[in-house]
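Me: Here is a model I want to question term by term. Give me the value, the cut-off and the conclusion each time.

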Amino acid sequence: MKLVLFDIDGTLLFCDGAGRKSLGAAIRDVFGFDGFPDSYSLAGGTDMQILSDVLEYYGASKEEIEKKMHGVLDRYFDFLKMNTSTNEHKKKLLNGVLPLLEELRSDTENVLLGLLTGNLKKSALWKLSLFNIQDYFLYNGELFGGFGSDHADRSRLVNICRDRAFHLSGRIFVGKDIVVIGDTKNDILCGKHLGVKSIAVATGEYSIEELAKYEPDHILTDFSDTKKVIDIILS
């Protein structure tokens, strides 16, 4: 059996910068700083890690960041709901995602399907619900996986997913039985310490050539060939 963990932004769906805009607005609202430095990329980061990076850049102390972190994240979620509920940002479910999720979730003998995302758990649920794909990741009514609200370090989320998978299924997943799928270098690197299978998909900011530098087990252009992707996951 495989524990199959998907990233969200740039891998399953695209919200056209609504997340970046919302996080920037929350930083301004709580700290008064002017959003993000122009060159800062959110790709592959967790929400808590991104906030810490940006606030330290502006000179906020670690004590102040820790004290106000949850307040900023709450405001971020408020702004995210607002910004994704309008037509200003073009929302898109990426190519091949729906048939792939359908096949994987239906194969309960071979696949335990979950998420490994830098999003807060509530933000993850909100984004998935925009496309009505949240049910593929729900078990006993709860979204399953590792989230940016669990830990700032993405590598720690792999361990969290593995432990939660054991409590959910009674199975111990090790090595290549854990499959991490995402569109950034951090998706590739986060599970190296556990020897997981990494599948990179060039649907986000990183090209196939850029992804190849981080040596994933497999690289895909997208998920359009459902059978091919499933064969790679289950191999």
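Me: What makes strand 4 and strand 7 a pair?
Reply: This is a predicted model, and in it two bridges join strand 4 (111–116) to strand 7 (residues 145–146). Pairing needs at least two bridges, so the two strands count as paired. They run parallel. Leu115 stands opposite Gly145 in strand 7.

Me: How do you know that strand 1 also pairs with strand 4?
Reply: Five bridges join them, against a requirement of at least two, so strand 1 and strand 4 pair. They run parallel. Lys2 stands opposite Val111. Leu5 has Gly114 as its bridge partner in strand 4.

Me: What lies beyond these strands in the sheet?
Reply: The open sheet has six strands in the order 7-4-1-8-9-10, with parallel pairing. Strand 1 and strand 8 are joined over four bridges, in the parallel sense. There, Phe6 has Ile181 as its bridge partner. Strand 9 and strand 10 pair over three bridges, also in the parallel sense. Ala200 has Ile219 as its partner in strand 10.

Me: Why is strand 1 called largely enclosed?
Reply: Five of its five residues are buried, so the rest of the structure largely encloses strand 1. Lys2, Val4 and Phe6 are on one side, and Leu3 and Leu5 on the other. Both faces are covered.

Me: What makes strand 4 mostly covered?
Reply: Six of its six residues are buried. Val111, Leu113 and Leu115 point one way. Leu112, Gly114 and Leu116 point the other way. In a regular strand the side chains alternate between the two faces of the sheet.

Me: Why is Leu12 called buried?
Reply: Its relative accessible area is 1%, and buried means under 20%, so Leu12 qualifies. Leu12 sits in the loop between strand 1 (2–6) and strand 2 (13–14).

Me: What is in contact with Leu12, leaving aside its neighbours within four places in sequence?
Reply: Its contacts include Phe6, Leu94, Val97, Leu101, Leu115 and Phe137. Leu94 is 82 residues apart from Leu12 along the chain, yet their C-alpha atoms are separated by 5.6 Å.

Me: Which residues have the most contacts inside the largest nonpolar core?
Reply: Phe6, Leu12, Leu113 and Phe137 have the most contacts inside this core of 48 residues. Several elements supply at least two residues each, including strand 1, helix 4, helix 6 and strand 9. Strand 4 gives the largest share, five residues. Leaving aside its neighbours within four places in sequence, Leu113 is in contact with residues including Val4, Phe6, Leu104, Tyr136 and Phe137. A second, separate core has 22 residues, among them Ile27, Val54, Leu55 and Leu80.

Me: How do you know that the buried residues of helix 4 are on the same side?
Reply: Val97, Leu100, Leu101 and Leu104 are the buried residues in helix 4. They cover an arc of only 95° around the axis, which puts them on the same side of helix 4. Their cover includes strand 1, strand 3 (92–93), strand 4 and helix 9.

Me: Which residues of helix 3 are buried, and where does helix 3 bend?
Reply: Helix 3 (residues 62–83) bends by about 50° at Lys68. Its buried residues include Ile65, Met69, Val72, Tyr76, Leu80 and Asn83. The buried residues of helix 3 pack against helix 1 (18–31), helix 2 (47–57) and helix 5.

Me: Why does Lys127 count as buried?
Reply: Its relative accessibility is 4%, and the cut-off is under 20%, so Lys127 counts as buried. Lys127 lies in helix 5.

Me: What makes the link between Lys127 and Asp9 a polar contact?
Reply: Their side chains are joined at 2.9 Å. The limit is within 3.5 Å for a pair of N or O atoms, so the distance qualifies. Leaving aside its neighbours within four places in sequence, Lys127 is in contact with Asp9, Leu13, Tyr76, Leu80 and Asn119.

Definitions and conventions
Residues are numbered from 1 along each chain as its sequence is written. This is a predicted model: local features need pLDDT of at least 70, side-chain atom pairs count only at pLDDT 80 or more; totals for chains, interfaces and linings use all residues. Side-chain values use heavy atoms; hydrogens and water are left out. Buried means under 20% relative accessible area, exposed over 50%, partly exposed in between (1.4 Å probe, protein chains only). Contact means heavy atoms within 4.5 Å. A nonpolar core is a set of buried Ala, Val, Leu, Ile, Met, Phe, Trp, Tyr and Cys residues joined through side-chain atoms within 4.5 Å. The bend at a residue is the angle between axes fitted to the seven residues ending there and the seven starting there. The arc is that of the directions from the helix axis to the C-beta atoms. A polar contact is a pair of N or O atoms within 3.5 Å; within protein, one must be able to donate a hydrogen and the other to accept it, and residues adjacent in sequence count only if both atoms are side-chain atoms.
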